[in-house]
Structures are given as structure tokens and as C-alpha cells.
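Hi,

Here is the structure I said I'd pass on. Have a look at it first, and then read my notes below.

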Amino acid sequence: MGRKKPRAPSSAGNPSGGTLGDLFRAAGVEAPDLPPEDTPTDAQPAPTAWPGRVVVRRERKGHGGKTITRVERVPESLGREAQAKALRSALGTGARVHGEDLIVQGDVVDRVATWLHAQGV
């Protein structure tokens, strides 16, 4: 049996061929009044312990066939060695600093992401 090819999206559900917004406007549904994005609001998110954004990804290449979890963009101001030590004790796995990244032994992306979320990332 051969694989089925995915179908191209049809316009059967959207006879006008427009966007979803066009359909809402045609149905008389109005968008709520939202403040412009550059306007500051009173409900600003609280600052996190880790400024900026970190990337958690799984790698195998260049590690002798072993799977590792890499945490990228860890700020130096928080002490990368201290964060690696906290990861080691929290997850029960090896963790080290490699340049600006933390390397965690094993395929533990979900556990690392959960730990980072609990830390305020």
C-alpha cells in the first residue's frame, strides 16, 4: 500500500477564499477594542530571575552518539556554574557549563523545561 498524499487546502468551508477575519467581518462580528501594543499597561509581567529567553533542545551529534539536552542563552549574571549545580541536584543527572550553555546528560528536555519554568524562566 502506498502512502496517501496530503490534500491541498480547499476553500469549501470558505466560499469567499478570504481570511478568517474576512469571514468574521462578513458575519457582523467586530473585534474588541485593544490598546496599541506599544502602550504600557498596568499589568506588566513580573521580572523573571532569568532575563531574556532561553532555548532548550535535544542533541546527539558530536557527543559520541549520546543524547544531551542543551540549555542556550543562560546569562552569566546568574552564575552558570551555580545553575548547573542546581540542575544536577534537582534532576539527578549530570550537568556542566560549555561556553554560554548548560549541557545536561540524557534526553531530559521536558524535565529541564519544567524546572526552568519553576525557576521563573
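A question to start with: which strands does helix α3 (residues 109-119) lie across? The helix lies across β1, β2 and β4, and runs at about 165° to β1. (Axes are lines fitted to C-alpha atoms, for helices over the stretch in contact, and angles run from 0 to 180 degrees between N-to-C directions.)

Before the rest, some housekeeping. This is a predicted model, where local features need pLDDT of at least 70 and side-chain atom pairs count only at pLDDT 80 or more, while totals for chains, interfaces and linings use all residues. Residues are numbered from 1 along each chain as its sequence is written, and side-chain values use heavy atoms, with hydrogens and water left out.

**The overall layout**

The chain has three helices and four strands, and from the N terminus on they run α-β-β-α-β-β-α. Helices (H or I, at least four residues) and strands (E, at least two) are DSSP runs, numbered from the N terminus. Of the 121 residues in the chain, 23% are buried; that word means under 20% relative accessible area, with exposed meaning over 50% and partly exposed in between (1.4 Å probe, protein chains only).

**The sheet**

The four strands form an open sheet in the order β1-β2-β4-β3, with antiparallel pairing (two strands pair if DSSP finds at least two bridges between them). At the edges stand β1 (55-59) and β3 (95-98), each with a single partner strand, so one side of each is left without a neighbour in the sheet. From one strand to the next, the twist averages 25°. Five bridges join β1 to β2 (residues 68-72) in the antiparallel sense, and R57 has R70 in β2 as its bridge partner.

**Helix α2**

Helix α2 (residues 80-91) also packs on the sheet: it touches β3 and β4 (101-105), and its direction makes about 155° with that of β3. Contact here means heavy atoms within 4.5 Å. The twelve residues of α2 should span 16 Å at 1.5 Å a residue, and its end C-alpha atoms are 16 Å apart, which agrees (the expected span is 1.5 Å times one less than the number of residues).

Which residues of α2 are buried? They are R80, Q83, A84, L87 and L91. Seen down the axis of α2, these fall within an arc of 100°, so they line one face of the helix; the arc is that of the directions from the helix axis to the C-beta atoms. They pack against β3, β4 and α3. On the face turned away from the buried side, α2 carries the exposed residues E81, K85 and S89. Just after α2, G92 takes a positive phi of about 70°.

At 1% relative accessibility, L87 counts as buried. Leaving aside residues up to four places away in sequence, L87 touches G92, A95, L102, V104, V112 and W115. L87 and V104 are 17 residues apart in sequence, and 8.1 Å apart in space, C-alpha to C-alpha.

**Back to helix α3**

In α3, the buried residues are V109, V112, W115 and L116. They cover an arc of only 130° around the axis, which puts them on the same side of α3. Those residues pack against β1, β2, α2 and β4, while the face turned away from them carries the exposed D110, T114, H117 and A118. Just after α3, G120 takes a positive phi of about 100°.

Cheers
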